[in-house]
Amino acid sequence: MGYGRITGWGKYTPERVLTNDDLGRIVDTSDEWIVARTGIRERRIASDDETTSTMAVEASRRALERAGLEPGELDLIILSTLTPDMIIPPCANLVKDALGAKRAACFDVFAGCSGFIYSLVTAYQFISTGAYRNILVVGSDVMSRQVNWKDRSTCVLFGDGAGAVVVQGSDVPTGPFGFTLGSDGSGADLLYVPGVYGRPQDNPDGHHYISMNGREIFRFAVTSMAEATRRVVSDVGLEMSDIELFITHQANERIIQAVARSLGIPRERVFMNIERYGNTSAASVPMALSDAIDQGMVRENDHIAIAAFGSGLSWGAMVFQWNKGK
Ligand code: UT7
């Protein structure tokens, strides 16, 4: 048996900043509308040389350095993404090779914007069985290549980036830990990108852009993240007032505020960086966690709750105690 702790964290964002005013020159939108409806002011856009794997590698190097771990010591790499560089091979293999993580097993997790939580929970399972000790968990997405830049209802929401954590196992017990994961395939048509191998008649235009029912997704986001967080906090025997830091998928400031309100978590305990990065999909939770730690918002023994929702439909929440001792 082993106990998992996050010992390293890091994020990477492309240099290029796309502001709301820049978007106003591409589609019929305005800074005022985007800020009022989403809280987003700018997002990062990958250069032609950057991909999900290159961004993942940069974030991973930072996380490994912070953990004081060499790539060769990794047992497993789990990469969550919706925008792999290629369909075959899995993107995690490209990351593994670029890092030089010679003995690591690796695989991709394709679970929408909930993917990082699914991946992190999976990492903890390998550690709790004692199978692995050193796991890299990454979320990386180049959403700028998945949106239709002519569709103002989606293109203003997304951005590119990557976040990574190192989870290490030890024999020293940790504090409260719990998770809940969920899915509902009946909502698949609320947020989707047509596939390469689907029925041709279902995608006569042959595009691979995001389609979304914004209002329904908004409702689903608030209820699923609030319910999942409520459940997991109670499962581990804590009260909502014990949660020192709440980090959710950064999809819309109004969604995050509505979830926090419903749970009674005050604003100062809720971390947000959506203003600067928009929705970076699978990268959003690890990027937010990394920023929160770097900004000194996480103290020893704090109880952290994270929650996400996404296409699928899918959702997940996790509670853990921040403690560095190995
Ligand atoms: O990772 C998960 C990803 N998805 C999400 O998290 C999406 C969740 N949903 C949302 O965040 C919100 O539903 C949106 C931000 C997408 C939209 O906000 P809303 O308050 O639900 O607006 P709406 O869709 O009801 O649209 C209101 C109006 C419409 O015009 P009419 O029909 O009232 O004349 C839209 O055409 O706003 C219009 N509109 C825009 N106007 C300016 C939609 N997009 C834009 C835009 N700029 N970019």
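**View 1. A five-strand open sheet.** Five strands build an open sheet with mixed pairing, in the order E8-E14-E13-E11-E12. Strands are DSSP runs of E with at least two residues, helices are runs of H or I with at least four residues, and both are numbered from the N terminus. Two strands pair if DSSP finds at least two bridges between them. Strand E8 (177-183) and strand E12 (270-271) are the edge strands, each pairing on one side only. E8 runs antiparallel to E14, and seven bridges link this pair. In E14, valine 319 stands opposite glycine 178. In general, strands of a sheet pair through backbone hydrogen bonds, either parallel or antiparallel.

The model is predicted: local features need pLDDT of at least 70, side-chain atom pairs count only at pLDDT 80 or more, and totals for chains, interfaces and linings use all residues. Residues are numbered from 1 along each chain as its sequence is written, and side-chain values use heavy atoms, with hydrogens and water left out.

**View 2. Two helices across the sheet strands.** Helix H5 (residues 115-128) lies across E8, E13 and E14. Its angle to E8 is about 130°. Helix H8 (residues 253-263) lies across strand E11 (243-248), E12 and E13. H8 runs at about 145° to E11. Contact means heavy atoms within 4.5 Å. Axes are lines fitted to C-alpha atoms, for helices over the stretch in contact, and angles run from 0 to 180 degrees between N-to-C directions.

**View 3. Cysteines without a disulfide.** A disulfide is a pair of cysteine sulfur atoms within 2.5 Å. The count here is zero. The closest cysteine sulfur to that of cysteine 113 belongs to cysteine 91, 16 Å away, so it is too far for a bond. For cysteine 155, the closest is the sulfur of cysteine 113, at 16 Å, again too far for a bond. Cysteine 113 is buried at 9% relative accessibility, and cysteine 155 is buried at 0%. Buried means under 20% relative accessible area, exposed over 50%, and partly exposed in between (1.4 Å probe, protein chains only).

**View 4. Two cis peptide bonds.** Isoleucine 88 and proline 89 are joined by a cis peptide bond, with omega about 0°. Proline 89 sits in the loop between strand E4 (76-80) and helix H4 (91-99). Glycine 312 to leucine 313 is also cis, with omega near -5°. Leucine 313 is in the loop between strand E13 (303-310) and strand E14 (314-321).

View 5. Serine 281 has a positive phi of about 60°. This serine 281 is buried, at 0% relative accessible area. Asparagine 301 has phi near 75°. Asparagine 301 is partly exposed, at 42%.
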